Amino acid sequence: MIGLFWGLLGALFIGVSDGLARKTTQSTSILVLILIVMGLSSAVLSVSFAITDSWPEWHAYAWFASAISGLLNLVALAFLYNALHRGPVAVASPVASSFTVMLVVINAVMGHPFSWGQIVAVAIVFLGVVMLTQPDKAGDQNNTYTGQWLRTTAFFGLAAAAAISVRFYLAQEAGDILGSMPALYLNRVFAFLFTLLTLLYMIGTKGAPKLPQGGGMWVLVLLQAVLESLALWAFLTGSAEGGRIAATIGFAAFAAITTITAWLLFGEKVPTKRWLWIGVIAAGIAIASAL
């Protein structure tokens with residue numbers, strides 16, 4: 001239950017963050033968004049570690065895992081923000097949450113404890129994710145996306161899920177060795193460095209990227225950055241204290257949170273049947289919590 005609680009808390013943070021990304025990606029370069037997300041958390045954690053003089057200890061495997069995790073962080077967010085930019089959020093985010101299946105399988109194969117009940121819960125979550133990608137009926141008032149559009153959005157979401165699953169596994173590995181906060185810090189720093197190098201290359205080849213316009217947009221971007229970092233911290237804490245698979249299942253609830261956020265804040269229409277499958281995903285989470 002402890003791992004599930006931390007996973008659900010992380011889902012709340014990342015769900016709202018990704019819901020805000022539906023808005024921020026419309027007017028700001030995706031690489032700029034990622035740079036701000038990673039740079040802000042890196043700076044805050046650097047100050048914290050400097051004050052306490054408790055920098056992450058050197059461990060070759062943990063640092064290597066953090067470096068690859070940081071690179072995959074850039075890849076995952078690039079795919080995810082593209083999916084959210086295209087929309088609908090009710091497809092992009094739930095499909096991205098299918099990383100749960102991949103991460104549970106990776107952890108199980110690597111020998112971490114699991115139960116068959118958890119596997120059933122994962123299957124239910126995945127069923128809800130798959131059904132969310134189905135187009136609406138012709139004539140439906142909410143039918144504003146073609147099947148091809150939905151499939152492309154789903155492709156970006158699945159690509160994000162694949163990168164997220166390996167990224168989170170490596171972050172869990174580093175967290176087990178160094179602790180959740182040092183692992184979070186190294187992940188942020190490496191992701192920031194990779195993003196900065198990529199952005200400098202893009203500026204040299206394609207010119208200056210789009211920056212947030214206006215104070216209101218900057219507030220949304222900074223809030224998005226804070227919530228994204230808190231989400232990974234909660235996930236790593238749950239993985240260390242309550243079990244990797246339980247934290248992973250709880251974190252999968254972010255898809256429903258993202259959809260609700262986009263609906264409440266930006267008025268994105270969500271057909272009734274998508275609410276039904278979001279409910280199925282919630283049921284999978286509930287089953288996991290009872291195990």
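Analyst: A salt bridge here is a side-chain nitrogen of Lys or Arg within 4 Å of a carboxyl oxygen of Asp or Glu. By that rule, Arg167, Arg188 and Glu228 are linked in a network of salt bridges.

This is a predicted model, where local features need pLDDT of at least 70, side-chain atom pairs count only at pLDDT 80 or more, and totals for chains, interfaces and linings use all residues. Residues are numbered from 1 along each chain as its sequence is written, and side-chain values use heavy atoms, with hydrogens and water left out.

The structure holds two salt bridges. One joins the side chains of Arg167 and Glu228, at 3.5 Å from N to O. Arg167 sits in helix 7 (residues 147–178) and Glu228 in helix 9 (residues 215–242), so this pair ties together parts that are 61 residues apart in sequence. Helices are DSSP runs of H or I with at least four residues, strands are runs of E with at least two, and both are numbered from the N terminus.

The other bridge joins Glu228 to Arg188, at 2.3 Å from N to O. Arg188 belongs to helix 8 (residues 180–206) and Glu228 to helix 9, so the pair ties together parts that are 40 residues apart in sequence.

Arg167 and Glu228 are both buried. Arg188 is buried too. Buried means under 20% relative accessible area, exposed over 50%, and partly exposed in between, with a 1.4 Å probe and protein chains only. Of the 291 residues in the protein chain, 53% count as buried.

Now the surrounding fold. The protein chain has 12 helices and zero strands. Two packed helices are described by the angle between their axes and the distance between the axes. Helix 4 (residues 89–96) and helix 11 (residues 254–266) pack at about 160 degrees, with axes 8 Å apart. Axes are lines fitted to C-alpha atoms, for helices over the stretch in contact, and angles run from 0 to 180 degrees between N-to-C directions. Helix 4 and helix 11 are therefore roughly antiparallel to each other; the cut-offs are under 35 degrees for roughly parallel, over 145 for roughly antiparallel, 65 to 115 for roughly perpendicular, and oblique for the rest.

Last, a partly exposed residue. Ile68 has a relative accessible area of 31% and is partly exposed. Ile68 lies in helix 3.
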